[in-house]
Amino acid sequence: MESGFGSDFGSDFGSGGGGGGGKLDPGLIMEQVKVQIAVANAQELLQRMTDKCFRKCIGKPGGALDNSEQKCIAMCMDRYMDAWNTVSRAYNSRLQRERANM
Amino acid sequence: RSWRGGPGNTGGTGTGMDAPSAAGLGGADPQLQRFIEVETQKQRFQQLVHQMTELCWEKCMDKPGPKLDSRAETCFVNCVERFIDTSQFILNRLEQTQKSKSAFSESLSE
């Protein structure tokens, strides 16, 4: 395996001085990757939430968001999170059931 | 047929991973390899939750209210189950179709 993978991460994640020297810490890499994954998931959630709530709450776009639209968006955000959690739980249950049957 | 937590998984690789394989990414480090497998699996789960939430929202949500009423909640749960059923049904039927009609796979390669 070529060293390209290691050297790309070395300067970000390696301990030690300048020039990218020092050992690669796999634990640190894993933590950083987990953070990046979490960020990506949050962005995905926000993007879909924005899409859905825009569709539900904004009729003919006016010159600004009026009070009712803002209240709708706020409620919609909470309901979307509720929905997301419900789906996550339901999916998890289903997966566990499938594994139990295997 | 086992459910591997994602539509389109035909289970060929055993870990359910698409290319690149974990071995290629993690190199010789088994800890890194394991990490990649686990995180990939977790991401697969997350992606499906995103997808199903979006789909089921269209089917189950009218006007967003002060809370998720029990009817909507039930709808979401049913929606998840039926989505997975649909995915399994499609995989099963595809498998059957490919077994009985070799013409099917021939027409796919055109």
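A:R97 forms a salt bridge with B:E81, with the closest N and O atoms 2.8 Å apart. The model is predicted. This pair crosses between chains: A:R97 sits in helix α3 (residues 67-101) of chain A, and B:E81 in helix α3 of chain B. A:R97 is partly exposed, at 42% relative accessibility. B:E81 is buried, at 10%.

The pair belongs to a network. Salt bridges that share partners join A:R94, A:R97, A:E98, B:E81, B:R82 and B:D85.

## Other bridges across the interface

A:R48 forms a salt bridge with B:E54, the closest N and O atoms being 2.6 Å apart. Here the link runs from helix α2 (residues 26-57) of chain A to helix α2 of chain B. A:R48 counts as buried because its relative accessibility is 13%, under the 20% cut-off. B:E54 counts as partly exposed, at 23%.

A:R89 forms a salt bridge with B:E73. Their closest N and O atoms lie 3.6 Å apart. The count between chain B and chain A is 6 salt bridges. Over all chains, the structure holds 14.

## A bridge within chain B

B:K42 and B:E39 meet through their side chains in a salt bridge, 3.1 Å from N to O. Both residues lie in helix α2 of chain B. They are 3 residues apart, so about one helical turn separates them. B:K42 is partly exposed, with a relative accessible area of 43%. B:E39 is buried, with 8%.

## Extent of the interface

The interface involves 41 residues of chain B, in contact with 32 residues of chain A. The area buried between the two chains is about 3700 Å². Carbon and sulfur atoms give 65% of that area. B:F45, B:H50 and B:W57 supply 18% of the area that chain B buries against chain A.

## The chain B side

Across the interface, 16 residue pairs are in polar contact, counting pairs with both residues at pLDDT 80 or more. On chain B, α1 (22-26), α2 (30-60) and α3 (70-100) each supply at least two residues of the side that touches chain A. Helix α2 of chain B gives the most, with 17 residues.

What is the residue make-up of the side of chain B that touches chain A? This side divides into 17 nonpolar, 14 polar and 10 charged residues.

Conventions
Residues are numbered from 1 along each chain as its sequence is written. Chains are lettered from A and ligands numbered from 1 in the order in which they are written. This is a predicted model: local features need pLDDT of at least 70, side-chain atom pairs count only at pLDDT 80 or more; totals for chains, interfaces and linings use all residues. Side-chain values use heavy atoms; hydrogens and water are left out. Contact means heavy atoms within 4.5 Å. Buried area is the accessible area (1.4 Å probe) that two parts lose on being put together, summed over both. A salt bridge is a side-chain nitrogen of Lys or Arg within 4 Å of a carboxyl oxygen of Asp or Glu. A polar contact is a pair of N or O atoms within 3.5 Å; within protein, one must be able to donate a hydrogen and the other to accept it, and residues adjacent in sequence count only if both atoms are side-chain atoms. Helices (H or I, at least four residues) and strands (E, at least two) are DSSP runs, numbered from the N terminus. Ala, Val, Leu, Ile, Met, Phe, Trp, Tyr, Cys and Pro count as nonpolar, Asp, Glu, Lys and Arg as charged, and the others, Gly among them, as polar. Buried means under 20% relative accessible area, exposed over 50%, partly exposed in between (1.4 Å probe, protein chains only).
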